[in-house]
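Please read these notes with the structure open beside you. They take up a helix pair, a domain division and a chain contact in turn.

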Amino acid sequence: MKVSREWLNEWIPNEVPVNALAEKITRGGIEVDEIIDYTSGVKNLVVGYVKTVTQHPEADRLRICQVDTGEETHQIICGAPNVKADSYVVVCKVGGRLPGGIKIKRAKLRGEVSEGMICSLEELGIKEDQVPAEYQNGIFMFQEERTPGEDALAALLLDDQVMEFDLTPNRKDALSMAGAAYETRALFGGEVEVPAHEVADGSETAGLEIRNEDDEAVPFYGARIVQGVTIAPSPTWMQMRLIKAGVRPINNVVDISNYALLEFGQPLHMFDRDQIGSDEIVTRYARDDEKMTTLDGKERTLESGDIVITNGSEPIALAGVMGGEFSEVTDQTTTVVIESAVFDPVSIRKTSGRLNLRSEASSRFEKGVSHEFVLKALDRAALLLEQYAGGTVASSLISAGELDVRDTEISITRAFINDHLGMELSTEEIQDTLSKLGLDTKVENDALLVSIPSRRDDLKIKQDITEEVARIYGYDALPSSMPRAGTTSGKLTDEQKKTRIVRHQLESLGLSQTINYALTSRGKADQFNELEGTVELLMPMSEDHAVLRKSMIPHLVDNVVYNRNRQQKDVQFYEIGRIFKSNGTGALPEEREMLAGIITGEMNRTDWLGTKVPADFFAAKGIVESVLEKLGLRDSVRYEQSSRFDALHPGRSADVLLDNERIGFIGELHPKYAQQNDLDRTAVFEVDLARLLSVKQGNIIYDQLSRYPSITRDIALVVEETVAADTLVRTVETAATKHLVDVFVFDVYEGDNMEAGKKSVGLRLTYLNKEDTLTDEEIEKQHTPVLEALESNGAQIR
Amino acid sequence: MMDTVGITDVRKSFDDEIANVSSVDELQQLKVAFLGKKGKVTGLMKSMKDLSKEERPEYGAKVNEVRTHITEAIDNRSKVLEEAALEAKLREDTIDVTLPGRTFTLGSPHPLSRTVEDIEDFFLGLGYEIAEGYEVETDYYNFEALNLPKSHPARDMQDTFYISEETLLRTHTSPVQARTMESRKGQGPVKIICPGKVYRRDSDDATHSHQFTQIEGLVVDRGIHMSDLKGTLELFAREIFGAEREIRLRPSYFPFTEPSVEVDISCFKCKGAGCNVCKGTGWIEILGAGMVHPNVLEMAGFDPEIYSGFAFGMGPDRIAMLKYGIEDIRHFYTNDLRFINQFKATEDGGVTNESI
């Protein structure tokens, strides 16, 4: 809503400077987004009277005008095709300025002297799409006689600033000059002067009947007939006020309709009485697939939720959204039917949304119009048609339906308001604050009965009244306190705490954190997972963001590619986030919190020493193991060779198993997949973090330190190259029943001196008896079965 | 007179030779040459047998004197030489300490993570819990339970990513509040903050992202006033943005709160004087807040006649952009190492020790 200062002053006089006015309105809850100052950068603008126009001898498109600017007559060369003698125009005199830093100087154009410039509206800072058709590509001419030499800005009502209101959805009351005036009154005091709107009734219904088929669709429909109308441009002041409000002037009838809308927030529609084609107006819901042509010449296919205005047989307007083509006002129109109605807001919103026809009218209907202004706006338009279109009101109010203009009442107590706000306002302060808003209050025992006029029918519950009191009284007066709520512990859950620790640990290991989009392409959603059921958007904005991810690896690969293309060779990332698996349409999907990582290049690279850790499978596995160790799960997790995913190296991938349940994978990218992405060796991992975090560890149990030494025994084995190290370790663990505290692989060797297909593996076993010194004999009791078990599993002991 | 010239000669020749010794090895050889079994001092002792009984003690004493002299000299020399050798080794081992240390690469947290964590920590200290919820939500929890009935304009299709008629990507973290309240079965207090990812149907550009982060807070109990909201957010502004920050509330509108306010903080860059961060106004809009709408309380099973509450919401993306002067929201989701690695350092509190 664009509110002209000059227009507002007509509703409620106010001398506060516009910046202060805007600031207070903003603090009151209506944000003034912008102040458009039409005076800025403008100097020496006067009204000129064009006495004569002659053709420029040297240029076809230029005219020589003799223009009376009050004290003297100047010769001004003008290129506008519409310049004509005996017209009042806007002249920027020599030494003057126009918006955009234009300075006007005395000049010679093709040999002829030009002293000044005759201006178009665009040159005065009016947007092109708001300039009336008759002035487009030409200069502006006043509709009425003016005095040459008078201040043209004032004559144009452009000696003005316009405040752009950014209204929240609940403030439909401010979608009009009336609303802006009441808000100004609430903030600054004063009295609102509603413009004249009394008209003399004509004869009853003047032969027009109105019927509403559905009370819910159209609770009230009112009309007046005005006859003897002459279509012409509206007066300059009306055109300029419309322009400043962002509405393009068309002709007096259309302009009056828009003007009354801006005054009262009540959209009106004007029909050509003679084109309606019947003597009745019938409102109803449209029929499915019913067709009508709107006044923009487009055929519309309607649905049963749309409301139409008909002549009894066919639609003449799409209610609240757009008029019909054949019933619209044209240059030949002489009798006008003014419509002022109340439509079902939800229906209007759906219709305008579906047809993408949002307008000043529909945006007000869909929020609900104020009943008290329905007839005021209708009568105001009728009066303006009499005054500026030569019309005569030919009918009384013709209407159907009920228009409830009674005030509603909200009962509230002073205690409620004070308790809700944490303030200590007196009854008088509350009443005084509400009265500024035009809300009358009655005191009845403890209760305050607040009368709500229909223009504020957005106020429905006690809390709404509390809000009005607070915002008009001012939030600066609100004290500060802390909640005296019951005590709460305020700590992280185990899972949240562990997540933070995992993040910090991964960062210490050299991985930086990423956050990627959860939406991805269908192709990427299928990579690195075997989940059935993808969550798809109903209406994706692009193919790249069409479905929810089922693995975080594809976007991590993208991140690495992006960084590699920017001279970052060694890239290590981790991400903690959700993946999504559909549970079928309509059901919420399964959301799993995952931990994923990607490493490429080298890690811990110290070039001048030539040391580094290759970012390979084992580096990725080491990172995962370190996280598991911190979570106390290292011993619960096993790894199994795997080749489930095409994009992973089939010989360098493993499934991660927690207590024999598969919870993720580690692997190097398949060389082919890596090459397609312009990457070299890159390793990735992804594990179900939620599952890992869900394991309850209980307490740390302290183990007393042993006073006896431990004994290590090394075993050198030759086994088939396909035997997994893990298998050997588990064979040892199973065979030793006592005193074995640790087994680990300390050496693996394949190649020279080894039989083809075999490898040598070194195992180091540690034995300890915490109670006593271990004798060789006791160790042998454990160690012999270990060796036997290994041998019976095909290992050859060296 | 007994002949002691031999002794004097040995001593002299030792003194001459030791002066030329330059290594531990040479010194060892010298030691053998004089004190060894066949050494010169041992030789002097052998000639004692040629002396008379009376002369022997005196001779012996002189030889011992020389022996002591030689032993001490060798010991002293040895110490000097060992020290020299050690010094030589230390010299040899000397490194250029200005060369870089062995790299233990350090990763960096994402700037949004650290922003969220700082805010979480502040509210944890006030006794709030951190509640998390689904990113894919039902229409009911995302809208209806928050007083956004089906006909509400704020629900237009263009704002929301729908998955089906009844499921969608959450547009705010408020459904977590609705679910948490519901799970408490009408019993206060509820004191939570809800951080998380949210989604809106927006085209990505420098200031819009279809995915971003939100933190909302909710307190519901008996006797919660709007002044408690103001006090809490005032403390928040001072702890997070600096001790001198002021806040101001401006009336606004959200369907789930009544009254609703926008909360501005005085600009942390120019201290209110006006700059490019606050667009010359001295104030930065940072939060939306209000008193929980009675319909929201009621739908979640709280009696609005007994309970009241406040709620607030903010965008860590916007907060981080303001704080660091990040010009494009897409940087948060591009994951450029050159960007992320700038957020490695631990302390980032400015001089007045604010946490953001």
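The numbered points below concern a predicted model.

1. Start with two helices of chain A. Helix α5 of chain A covers residues 236-244, and helix α6 of chain A covers residues 252-264. They pack with their axes 10 Å apart, at an angle of about 55°. Packed helices in general are described by these two quantities, the angle between the axes and the distance between them.

2. The crossing of α5(A) and α6(A) is left-handed.

3. Which residues make this contact? On the α5(A) side they are M238(A), Q239(A) and L242(A). These meet D255(A), N258(A) and Y259(A) in α6(A). Sorted by class, the contact of α5(A) with α6(A) has three nonpolar residues, two polar and one charged.

4. Turn to chain B, which is divided into two domains. Domain 1 of chain B runs over 5-93, and domain 2 of chain B over 111-343. The C-alpha centres of these two domains of chain B are 91 Å apart.

5. How many residues link the chains? On chain B, 75 residues are in contact with 81 residues of chain A. Helix α8 of chain B, residues 226-241, gives the largest share of the chain B side, namely seven residues. By class, the side of chain B that touches chain A has 32 nonpolar, 27 polar and 16 charged residues.

Key: Residues numbered from 1 in each chain as written. Chains lettered and ligands numbered in written order. Predicted model: local features only at pLDDT ≥ 70, side-chain atom pairs only at ≥ 80, totals over all residues. Axes fitted to C-alpha atoms, helices over the stretch in contact; angles between N-to-C directions. Helix = DSSP H or I, 4+ residues; strand = E, 2+ residues; numbered from the N terminus. Left-handed = near helix turned anticlockwise from the far one by under 90°. Contact = placed C-beta atoms within 7 Å. Nonpolar A, V, L, I, M, F, W, Y, C, P; charged D, E, K, R; others polar. Domains from an automatic or database assignment.
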